[in-house]
Amino acid sequence: QIFFAFDRPLGIITLLLLAAGVITLYSAALDMPGKLQDQLRNIGFAFIVMWLVSRLSPQMLMRVAVPVYTIGLALLVAVAMFGLVRKGARRWINIGVVAQPAEIMKIAMPLMLAWYFQKREGMTKLRDFFFAIVLLALPVILIARQPDLGTALLVFAAGMYVIYFAGLSWRIIIPLLALL
């Protein structure tokens, strides 16, 4: 019963994209033993995590939004101060295991902004959007300085979508983007 509650079109599209990626990796990594198996293991792990997170209630997600954002931001600051440098980029930190805190922000950013706007539902003012943009800008700037422009753009896009869905008009968003 729990496996039939998923959105079927989304599931089919996801599986087709995964299949295309695995086939591409298989053909590209013929001379790299273990690469395909590593990717398949990661896909399996991702499905387990996805299933576990889907079991969480929205209230639970809202309770963890601020701590996860705060921890992610603190880890980004730690990376900027004494992170590990690999191939000219300072993106990782050793916290018992080597981690890339920017990846946390891909989830933490939209969660944090959703929490913020949910607390102001029905009484959102322009200054709330300004504060949300500051909440968004902090991790984006820290990630872009690593340098990791791709992840910075993903975090920025995730945050901007939440801000847009919270009610900020495209008439304000587009000039802001042009200014950036």
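Helices (H or I, at least four residues) and strands (E, at least two) are taken as DSSP runs and numbered from the N terminus. By this definition the protein has seven helices and three strands, and from the N terminus on the elements run α-α-α-β-β-β-α-α-α-α. The structure is a predicted model, in which local features need pLDDT of at least 70 and side-chain atom pairs count only at pLDDT 80 or more, while totals for chains, interfaces and linings use all residues. Residues are numbered from 1 along each chain as its sequence is written, and side-chain values use heavy atoms, with hydrogens and water left out.

The C-alpha atoms fill a box of roughly 55 × 45 × 35 Å along the principal axes. Of the 180 residues, 25% are buried (buried means under 20% relative accessible area, exposed over 50%, and partly exposed in between, with a 1.4 Å probe and protein chains only). The accessible surface comes to about 12300 Å², of which 71% belongs to carbon and sulfur atoms; accessible areas come from the Shrake-Rupley method with a 1.4 Å probe, and for residues only the protein chains shown count as cover. Among contacts (heavy atoms within 4.5 Å) between residues at least 6 apart in sequence, 59% join residues at least 24 apart.

A nonpolar patch on the surface is formed by F45, V49, V53, L56 and M60, with about 410 Å² of accessible area together. Patches are made of residues with over 30% relative accessible area and no salt bridge; like charges are joined within 9 Å, and nonpolar side chains (Val, Leu, Ile, Met, Phe, Trp, Tyr) within 5 Å. Helix α2 (residues 35–54) gives the largest share of the nonpolar patch, three residues. V49 is found in helix α2 and is partly exposed, with a relative accessible area of 34%.

Three salt bridges were counted, a salt bridge being a side-chain nitrogen of Lys or Arg within 4 Å of a carboxyl oxygen of Asp or Glu. Side chains of opposite charge can pair when their charged atoms come close. Because D38 and R41 are three residues apart in helix α2, about one helical turn separates them. D38 is partly exposed at 35% relative accessible area, whereas R41 is exposed at 51%.

K106 forms a salt bridge with E103, with 2.9 Å between the closest N and O atoms. These two residues are three apart in helix α4 (residues 101–119), so they too are separated by about one helical turn. K106 is partly exposed at 28% relative accessibility. Both K106 and E103 are in contact with T151, a residue of helix α6 (residues 149–165) that is buried, with a relative accessible area of 7%. D128 pairs with R120, the closest N and O atoms being 3.5 Å apart; D128 is buried at 8% and R120 is partly exposed at 25%.

Two features of the backbone lie in loops. A cis peptide bond joins Q146 and P147, with omega of about -10 degrees, and P147 is placed in the loop between α5 (126–144) and α6. K87, although not a glycine, has a positive phi of about 55 degrees. K87 is found in the loop between β1 (84–86) and β2 (89–94) and is exposed, with a relative accessible area of 90%.

How values were computed
Lists of a residue's contacts leave out its neighbours within four places in sequence.
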